[in-house]
Amino acid sequence: NAANRGTKGEGSSRWVNKATLSDARRAVTAVEFAPRHLGLRLASGSADGVVRIYEALDTMNLNHWKLEAEVEMSDAADAISSNENLGVS
């Protein structure tokens, strides 16, 4: 698949699907990883108005992510992209 190989001349990096996070009720419109000091966490914002925080259970095996929190927001994608405090420690 050409989308997985990158553009000719850009090296040989590949994206590999390790996990599917399927908690969102509508389209996911934003994804951001947490700063390294917070561990391997990510936030996803979706059109259902919810920001979901996930944590990798094992950093050596990225197949399993635990849903840590769900926070309702008026605009979940904007909350993630503006680094708004989501109330999750």
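What volume does the largest pocket have?

A: A word of caution comes first: this is a predicted model. In it, the largest pocket has a volume of about 440 Å³. Its lining is made up of 16 residues. Those closest to the centre are Ala19, Leu21, Phe33, Leu42 and Trp65. Some elements of the chain give two or more residues to this lining: strand S1 (28-33), strand S2 (41-46) and strand S4 (61-72). The largest share comes from S1, with 3 residues. By type, the lining divides into 13 nonpolar residues, 2 polar ones and 1 charged one.

Leu21 is among the residues closest to the centre of the pocket. Where does Leu21 sit in the chain? It is in the loop between helix H1 (2-5) and S1. Leu21 counts as partly exposed, because its relative accessibility is 33%, and that value falls between the 20% limit for buried and the 50% limit for exposed.

Leaving aside residues up to four places away, Leu21 touches Leu42, Tyr54 and Trp65. Two of these partners, Leu42 and Trp65, are themselves among the residues closest to the pocket centre. Take Trp65: 44 residues separate it from Leu21 in sequence. In space, the C-alpha atoms of Leu21 and Trp65 are 7.8 Å apart.

Next, turn to strand S2, one of the strands that contribute to the lining. Ala43 lies in this strand. Is Ala43 buried or exposed? It counts as buried, because its relative accessibility is 10% and the cut-off for buried is under 20%. Between Ala43 and Glu68 there are 25 residues of sequence separation, and their C-alpha atoms are 9.8 Å apart.

Along the chain, Gly45 and Ala30 are 15 residues apart. Their C-alpha atoms are separated by 5.0 Å.

Ser46 also belongs to S2. With 3% relative accessibility, Ser46 counts as buried too. Its side chain makes a polar contact with the side chain of Asp48, at 2.2 Å.

Ile53 and Leu67 are 14 residues apart in sequence, and their C-alpha atoms are 6.0 Å apart in space.

Now step back to the whole chain. What order do its elements follow? From the N terminus on, they run α-β-β-β-β-α. That gives 2 helices and 4 strands. The chain has 89 residues, and 26% of them count as buried. Among contacts with a separation of 6 or more, 30% are between residues 24 or more positions apart.

Last comes confidence. The mean pLDDT of the chain is 80. Of its residues, 70% reach 70 or more. Over residues 1-7, the pLDDT is below 50. Beyond near neighbours in sequence, that stretch has 6 contacts in the model. Where pLDDT is low, the predicted coordinates should not be read in detail.

Key: Residues are numbered from 1 along each chain as its sequence is written. Side-chain values use heavy atoms; hydrogens and water are left out. On a 1 Å grid over the protein atoms alone, a cavity is a set of points where a 1.4 Å probe fits but cannot get out, and a pocket is an open set with protein on both sides within 12 Å along at least five of seven lines; lining residues have an atom within 4 Å of a point. Grid points are joined across faces, edges and corners, and a volume is the space filled by probe spheres set on the points. Ala, Val, Leu, Ile, Met, Phe, Trp, Tyr, Cys and Pro count as nonpolar, Asp, Glu, Lys and Arg as charged, and the others, Gly among them, as polar. pLDDT is the predictor's confidence in each residue, from 0 to 100. Contact means heavy atoms within 4.5 Å. Buried means under 20% relative accessible area, exposed over 50%, partly exposed in between (1.4 Å probe, protein chains only). A polar contact is a pair of N or O atoms within 3.5 Å; within protein, one must be able to donate a hydrogen and the other to accept it, and residues adjacent in sequence count only if both atoms are side-chain atoms.
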